[in-house]
Amino acid sequence: MRICFPGFEGDIEIHRGESVVLEVNNRVLFARVCASIAGGFGDGAVEPYSVWDDSGDEIKASTSFLYVGDPLNLPWDNRAMAGALAGRFEKLLFEDEAVRVEAESAFNALRTMMGNLSLQLQADYAFGIDWDVKRYLKSFGFGVDLAEDGLLIDKIIEFLLLAEDVCLKKVIVFVNLKLFLSKKELERVFEQVFCSGLNVFFLETEHDSDCYAREKRYIIDQDLLEIWPSKSVGLFVSSQ
């Protein structure tokens, strides 16, 4: 995938497994870029841009990104991811005949139990829908098991694993994640992105003089000077 901002000299390339960072030290421009990606308006955004797939075809900006503006509030309840997770479970269930039969048997037993209880009431009652794994998961609030007092890094890793489980096609966009994590924690994140084969784009405004093995960094400094990664190496190397 490529993100093309007409105001930039070069395009931003995002490939699966790469942790692609756009570091914009100029805060005014940074705010414009964040607002543009978050809004998904493409060429109608405050900082116009277009998105292209690996085949060279333009794709909708509004459906290209999963925007995480606040790393402390990860979008666990994202409808697209929840639907994809339910679909993944449904596929797994129907691939395993023994488990499917056992699950349907358990549901029928529960339905019989509730039906027997309803005989104590005056009206006639019955279930309005048949067994459906997607409805079951939604009804019982199925999701990632997280400790409320857990570390942020662990939650970030779990979120990336969830994205891997649902085969997320969108680009996950994290804003200023580096402000919340140590260098070792960032290395864990970049390594997980690589192992999961996800498309992840990091928007950062603070300059980072550290280098990371799994990071590809594009920089626009305070004076709007662009420093694009080497095409041969594919990595940003700090001069400090």
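Helices (H or I, at least four residues) and strands (E, at least two) are DSSP runs, numbered from the N terminus. The structure is a predicted model, in which local features need pLDDT of at least 70 and side-chain atom pairs count only at pLDDT 80 or more, while totals for chains, interfaces and linings use all residues. Residues are numbered from 1 along each chain as its sequence is written, and side-chain values use heavy atoms, with hydrogens and water left out.

**Figure 1. Overall view of the protein.** The protein contains 6 helices and 10 strands. Its radius of gyration is 23 Å, well over the 18 Å that the globule rule gives for 240 residues, so the protein is more spread out than a compact globule. The radius is taken over C-alpha atoms, and the globule rule is 2.2 Å times the number of residues to the power 0.38. The C-alpha trace spans about 75 × 40 × 30 Å along its principal axes. Of the 240 residues, 40% count as buried; buried means under 20% relative accessible area, exposed over 50%, and partly exposed in between (1.4 Å probe, protein chains only). The accessible surface comes to about 14000 Å², and 53% of this surface belongs to carbon and sulfur atoms. Accessible areas come from the Shrake-Rupley method with a 1.4 Å probe, and for residues only the protein chains shown count as cover. Contact means heavy atoms within 4.5 Å. Among contacts between residues at least 6 apart in sequence, 68% join residues at least 24 apart.

Figure 2. Lys-178 lies in the loop between β7 (171-175) and α6 (183-196). With a relative accessible area of 13%, Lys-178 is buried. Its side chain forms a polar contact of 2.9 Å with that of Asp-208 and another of 2.8 Å with that of Glu-215. A polar contact is a pair of N or O atoms within 3.5 Å; within protein, one must be able to donate a hydrogen and the other to accept it, and residues adjacent in sequence count only if both atoms are side-chain atoms. Not counting residues up to four places away in sequence, Lys-178 touches Val-21, Leu-186, Phe-190, Glu-204, Asp-208, Tyr-212, Glu-215 and Arg-217. Phe-202 is 24 residues from Lys-178 in sequence, and the two C-alpha atoms are 8.8 Å apart in space.

Figure 3. Val-189 lies in helix α6 and is buried, its relative accessible area being 0%. Beyond residues up to four places away in sequence, the residues that Val-189 touches are Ile-153, Ile-156, Ile-157, Leu-160, Leu-177, Leu-181 and Phe-202. Glu-97 stands 92 residues from Val-189 along the chain, with 37 Å between their C-alpha atoms.

Figure 4. Thr-205 is placed in the loop between β8 (200-204) and β9 (215-220), and at 5% relative accessibility it counts as buried. A polar atom of the Thr-205 side chain lies 3.1 Å from the backbone oxygen of Val-24. Setting aside residues up to four places away in sequence, Thr-205 touches Val-24, Asn-25, Arg-27, Phe-30 and Asn-176. Asn-176 itself is situated in the loop between β7 and α6 and is buried, with a relative accessible area of 13%. Although Asn-176 is not a glycine, its phi is positive, at about 50 degrees. Most residues other than glycine have a negative phi.

**Figure 5. Close-up of Cys-167.** Cys-167 occupies the loop between α5 (152-165) and β7. Its relative accessibility of 46% makes Cys-167 count as partly exposed. The phi of Cys-167 is near 55 degrees, a positive value in a residue other than glycine.

Figure 6. Cys-34 is found in helix α1 (residues 27-39) and is buried, with a relative accessible area of 9%. Apart from residues up to four places away in sequence, Cys-34 touches Tyr-67, Val-175 and Leu-203. Cys-34 and Met-114 are separated by 80 residues in sequence and by 51 Å in space, C-alpha to C-alpha.
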